Amino acid sequence: MKLSYLFSDGMVLQRGKKNYIWGETSPEIIVAGILDGKKFNTKADTHGMFVAELPDLPVGGPYCMEINGDEKRVIRNIMSGDVFLLGGQSNMELRIKFVTERFADEIEKINDSFIRKFDVPKEYDFGEKRQWLSQGRWESAQGESVLEFSALGLFMALSLREKNDVPVGLIQTAVEGTPVKAWCSEETIRHMGFYTDELEKCKNEDYVLCTQKIEIEREKYWMKKADQSFDQRTDSFYKISIPGIWKGNMRDFCGTVLLEKKFFITEEQVVTPAEILMGAFTDADKIYINGICCGSSYDRYAPRIYPVAPGILRAGENVVCIHLYVFRGRGGAMPGKQYGIRFKKGKERWLDLSGTWDAQIRKQMEYLPEKTFFNYMASAMFNSMISPVSPYKICAVIYYQGESDVGHPNRYALEFRALVNDWRKSWKEKQLPIIYVQLAGFSDGNIKKQGTQWAEFREVQRQAMEIENTAMVQAYDVGEYNDLHPMDKKALGMRAALAVHKLVYGEKEECTGPQVRKIRLDRDKRVYAVFDQPLQTGSKKDGCELVSEVELRKANGDYKRAYVTVDGNEICAWLSDGEEPTGIRYAWKDCPMNICLYGKRGLPVIPFIKEWGRDAIYTGKICETDR
């Protein structure tokens with residue numbers, strides 16, 4: 001008898017819904033079972049497929065289920081609680097082990113057998129919708145397993161457990177880098193018509209295999225030449241600063257660079273446990289201390305935190321050496337990160353390695369094109385990761401995705417709505433709650449010369465709040481300008497829990513921050529923005545609130561920081577030169593850095609932009625100005 005891997009020890013069944021078990025056995029035989037002392041049965045069809053409705057269970061557990069077809073199966077340690085699907089890309093996928101730097105003490109205390117996760121295998125399929133998963137098992141939030149949970153998902157589950165003490169199941173389906181189109185069904189892709197040519201190409205298995213073979217060989221050849229460039233050492237170094245993104249003649253450099261820095265430590269530090277922190281490099285690196293490799297990474301966004309094994313460090317002079325591989329230009333070390341050695345015994349000490357390094361170009365090479373990631377292609381993940389789990393009952397979807405779609409916000413507006421409809425159809429629930437995360441702030445290491453592309457994309461996500469039975473979790477205020485994967489997943493998990501309480505449990509409290517509802521311009525050239533919630537902010541200076549992310553548009557189209565006062569649910573903003581504004585915006589940057597406008601539950605004001613003609617009265621869907 002064959003069952004989905006979802007039906008295994010430690011599983012969590014969704015309370016309050018009709019749950020089913022499905023599988024395959026001998027044709028046309030009776031399949032009978034017992035769950036918590038209650039019997040159930042069904043008959044397999046002529047192909048041996050069967051579906052049986054399971055008896056209702058009280059919240060809690062553990063329960064045991066026995067099922068008999070052409071063989072006997074026993075599933076133990078079953079819980080009845082709330083099950084969530086965690087969908088999206090890398091920020092949803094990001095594991096607890098990658099945020100231990102920030103939440104080490106809290107993570108060490110996590111030990112909850114009533115929180116379970118199931119990792120859906122990360123596979124793509126352009127053929128038919130799959131019925132079966134290739135592998136998988138339920139694990140509880142205990143011991144080493146804690147480190148493999150989605151950080152956002154686990155912090156959300158902990159918050160929910162603290163308030164309602166109901167078991168929580170997390171079905172983790174996120175895959176790094178995937179655009180929204182990868183999670184839509186083939187039917188939806190064809191209906192939208194955006195990617196049908198791409199879909200047809202990928203359905204050709206020979207094309208996929210041939211492409212993969214060519215690109216693997218190309219990358220192997222590039223890396224072989226790159227590695228060989230470090231074989232012979234020379235001493236003709238120049239000086240370079242770490243951190244820093246390369247500019248000028250080095251901006252478009254592709255190839256390998258050797259980086260070195262000498263440092264001195266005491267006899268006491270030699271015997272101290274230590275780890276080296278090397279921020280993040282573009283694109284790949286191998287890090288050595290005194291000729292011994294401490295760690296390597298081929299992910300430009302991954303944190304470089306490596307243990308320094310005993311015996312590597314020595315009293316006196318030491319040398320850290322980095323073999324840097326730059327695939328596609330814009331190499332360098334990400335600003336704002338830590339670069340140094342941390343000595344961990346007793347009182348923690350820090351040896352700073354930022355500043356001037358010796359550098360040497362080892363080999364200038366050709367640009368290495370990106371691989372074709374077939375799991376990024378249209379409908380790639382739906383057949384293999386969504387279809388096989390969609391018969392399993394859940395109470396809501398938590399979705400964090402969009403970084404890979406920032407370049408085409410208008411199309412995303414259509415695609416996200418299509419995905420919501422697709423998944424609700426798959427789970428056969430027209431009102432399945434969808435809780436999605438608005439993108440965090442990120443500006444790829446730039447602070448002063450930020451764009452507004454991410455802000456424009458967040459506006460598209462805000463508009464998706466119009467979709468019935470959805471809720472948006474804001475993240476822009478916990479973003480990091482130099483990290484695509486910001487660490488503070490705890491704040492997002494707690495905000496997602498607030499959305500669950502409202503959308504799933506029916507609480508009346510707001511789960512999003514204040515949203516602008518009306519804008520008006522008075523005769524004194526002051527702009528008033530009225531919100532749907534009372535505002536909270538920081539300290540005052542000379543009667544004006546310190547609200548640095550409020551900007552007003554001048555007649556020439558440029559935006560300038562405004563003077564602002566806050567009163568209840570309203571802000572008043574004006575320009576220092578007395579010019580009449582033609583627009584107002586708040587937190588309208590890729591990565592706003594000085595957020596201080598929040599609502600009564602500590603949730604940030606939703607970013608907005610409203611513009612009008614110099615002599616015109618602006619009227620919009622939710623905002624208006626009058627003079």
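Predicted model: local features only at pLDDT ≥ 70, side-chain atom pairs only at ≥ 80, totals over all residues.
Residues are numbered from 1 along each chain as its sequence is written. Local features need pLDDT of at least 70, side-chain atom pairs count only at pLDDT 80 or more, totals for chains, interfaces and linings use all residues, and side-chain values use heavy atoms, with hydrogens and water left out.

An open, antiparallel sheet is formed by four strands in the order β19-β15-β22-β23. Strands (E, at least two residues) and helices (H or I, at least four) are DSSP runs, numbered from the N terminus; two strands pair if DSSP finds at least two bridges between them. Because β19 (305-308) and β23 (349-352) each have a single partner strand, one side of each is left without a neighbour in the sheet. Within the sheet, β15 (residues 274-278) and β22 (residues 339-343) are joined by five bridges, and A274 has F343 as its bridge partner in β22.

The whole structure holds 27 aromatic pairs (rings of Phe, Tyr and Trp, the last by its six-membered ring, with centres within 6.5 Å; planes under 30 degrees apart are stacked, over 60 edge-to-face, the rest tilted). The ring centres of Y412 and F457 are 4.7 Å apart and the planes are at 50 degrees, so this pair is tilted. Y412 belongs to helix α9 (residues 409-426) and F457 to helix α10 (residues 453-463), so the pair ties together parts 45 residues apart in sequence.

The charged end of R411 is 4.3 Å from the ring centre of F194, and that of R526 is 3.9 Å from the ring centre of W574.

How values were computed: Lys NZ or Arg CZ within 6 Å of the ring centre and 35° of its normal.
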